[in-house]
Amino acid sequence: MAAITAGMVKDLREMTGAGMMDCKKALAATDGDMEKAVEFLREKGQAAAVKKAGRIAAEGLVYALVEGDTKATLVEVNAETDFVAKNAEFQTYVAEVAEQAIASSNEDNMEAFMAETWCKDSSMTVEQALSAKIARIGEKLSIRRFKNVTVDNGCVVSYIHGGGRIGVLLEAETAVVNDTVKEALKNVAMQIAALKPLYVSRDQVSQEFIAHETEILKAQAKNENPDKPDAIIDKMVIGRLNKELKEFCLVDQAYVKDGDLTVAKYMESVSKEVGTTITLKNFVRFETGEGIEKAETDFAAEVASQLGQ
């Protein structure tokens, strides 16, 4: 029997879109013959995604699942088209992925996550369930990422914008968790969705980031003001850096529902109202397809080619 190498498994997986363990079993069953392994997977219905493996899945949904105000997950599952993203079966599947994710410890190891036993059918892995869903829906699908949040002293709230285009989890430390607190946090989560801060506060900004931005701003200021002395340039850089940090840091941003307040001042007012300090700790923000280069498809030309025109 031929030795089955990791490279062979990888090649077969890329060719067929089948799961890693399925590819390994197929190669073992066919004595390492790649063509026969492909046929083996097709016969088993495990290579249904073979023609879809190279397509770009940049649409889809971001979905949040919160349990008991203290535990939550945010997942992104991609599809090729917005049409499928609006499909009820796809939306149900994404909710099931969230159930799987919230119980998983593999958010930083998607390969391990895909090898987990599927929560809805113990005879399948997550990857096998995904392949089955691809075969049923007829598009390439991808579980891109998820992030779990667990809060010990406070709560976590979620906000989903645009029917799943953007999702946010916001974690806060508070001794009181009631409707007033959760509504306030939901308002701030909406702000995160809209204005895309990078940090909660300046305490989270690394010195490396500040040094990098300072160098860029100094070069810009010198190019724009070549005759200004260094002392003036340095003051200009400080001003510009502070302006940037106000945009990047959530608590420094103007509160969108009341421009006279910063987010920090808004949270102070809510804290006084409920009689305890509410401290914003961390947030997660996913936007569907961010960072994925989307394919531009000429559907008219595609249909015409299929009709032989």
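Predicted model: local features only at pLDDT ≥ 70, side-chain atom pairs only at ≥ 80, totals over all residues.
**Helix contacts and nonpolar cores**

Trainee: How do H5 and H7 run, roughly parallel or roughly antiparallel?

Mentor: Roughly antiparallel. The axes of H5 (residues 88-102) and H7 (residues 126-137) cross at roughly 175°. They come within 12 Å. Angles over 145 degrees count as roughly antiparallel, so the label follows.

Trainee: New topic. How many residues does the largest nonpolar core have?

Mentor: The largest nonpolar core has 26 residues. Leu170, Leu185, Val188, Met267, Ile278 and Leu280 have the most contacts inside it.

Trainee: Which helices and strands each supply at least two residues of this core?

Mentor: Strands E4 (154-161), E5 (166-173) and E6 (279-287) do, along with helices H8 (179-195) and H11 (263-274). H8 gives the largest share, 7 residues.

Trainee: And what lies apart from this core?

Mentor: Another core, of 25 residues. Val75, Ala85, Tyr93 and Leu141 are among them.

Trainee: Back to Ile278. What does Ile278 touch?

Mentor: Leaving out residues up to four places away in sequence, Ile278 touches Ala172, Glu173, Thr174, Val181, Leu185, Met267, Val270 and Ser271.

Trainee: Cysteines next. How many disulfides does the structure hold?

Mentor: The structure holds 0 disulfides.

Trainee: Is Cys155 buried or exposed?

Mentor: Cys155 is buried, because its relative accessible area is 0%. Cys23 also counts as buried, at 0% relative accessibility.

Terms used: Residues numbered from 1 in each chain as written. Heavy atoms only, no water. Core = buried A, V, L, I, M, F, W, Y, C linked by side-chain atoms within 4.5 Å. Buried < 20%, exposed > 50% of the residue type's maximum accessible area, 1.4 Å probe, protein only. Helix = DSSP H or I, 4+ residues; strand = E, 2+ residues; numbered from the N terminus. Contact = heavy atoms within 4.5 Å. Disulfide = S-S within 2.5 Å. Axes fitted to C-alpha atoms, helices over the stretch in contact; angles between N-to-C directions. Parallel < 35°, antiparallel > 145°, perpendicular 65-115°, else oblique.
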